[in-house]
Amino acid sequence: GGLKEAEELEVQVVETRKMVLGVEHPNTLASMTNLALTYRNQGQWAKAEELEVQAMKTMKRVFGEEHPKTLTTTSDLALTYTGKTQARCQSR
C-alpha cells in the first residue's frame with residue numbers, strides 16, 4: 001500500500017476514535033496528527049493545516065501550552081506552513 005491507502009486507513013481510525021474515545025482523548029489527537037502528516041507527505045497542505053490547527057488548539061486546552069505533545073504538534077504545523085510556502089514558490 002501507499003500513501004493513499006494509509007490516508008484511507010487513518011481517516012477511519014480518526015473517525016472511529018472520535019466516536020468511541022472523544023475528540024480530546026490523547027489517542028484521537030495522535031491519530032489526527034498522523035493523518036495530518038500523511039496529508040503533508042502527499043502535498044495536501046490545506047488538509048494537513050486544518051487538522052494540525054484543530055489538534056494543536058485541543059492539545060493546548062487539554063494538556064497546556066508547554067506540554068511536549070502540544071509543542072510537537074505546533075512544530076508540525078510550522079513544517080506544514082514551510083512546506084506549503086515552498087510548494088507555492090516552486091509552482092511559480
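Which residues make up the largest nonpolar core? Select Val 14, Leu 29, Met 32, Leu 35, Ala 36, Tyr 39, Ala 48, Leu 51, Ala 55 and Met 59, ten residues in all. A nonpolar core here is a set of buried Ala, Val, Leu, Ile, Met, Phe, Trp, Tyr and Cys residues joined through side-chain atoms within 4.5 Å. Buried means under 20% relative accessible area, exposed over 50% and partly exposed in between, with a 1.4 Å probe and protein chains only.

Before going on, some housekeeping: this is a predicted model, where local features need pLDDT of at least 70 and side-chain atom pairs count only at pLDDT 80 or more, while totals for chains, interfaces and linings use all residues. Residues are numbered from 1 along each chain as its sequence is written, and side-chain values use heavy atoms, with hydrogens and water left out.

Helices are DSSP runs (H or I, at least four residues), numbered from the N terminus.

Stay on Tyr 39 for a moment. Ignoring neighbours within four places in sequence, Tyr 39 is in contact (heavy atoms within 4.5 Å) with Glu 7, Val 11, Gln 44, Lys 47, Ala 48 and Leu 51.

Next, show helix 1 (residues 3-20) against helix 2 (residues 26-41): they pack at about 155°, axes 9 Å apart. Axes are lines fitted to C-alpha atoms, for helices over the stretch in contact, and angles run from 0 to 180 degrees between N-to-C directions. That angle makes helix 1 roughly antiparallel to helix 2 (over 145 degrees; under 35 counts as roughly parallel). Residues to pick out in the contact include Leu 3, Val 14 and Arg 17 of helix 1 and Asn 27, Met 32 and Tyr 39 of helix 2.

Select Pro 26, Thr 33 and Arg 40 of helix 2 with Lys 69, Thr 73, Asp 76, Leu 79 and Thr 80 of helix 4 to see the contact.

Last stop: Gly 43, in the loop between helix 2 and helix 3. Gly 43 counts as partly exposed because its relative accessibility is 35%.

Note on methods. Helices (H or I, at least four residues) and strands (E, at least two) are DSSP runs, numbered from the N terminus. Angles under 35 degrees count as roughly parallel, over 145 as roughly antiparallel, 65 to 115 as roughly perpendicular and the rest as oblique.
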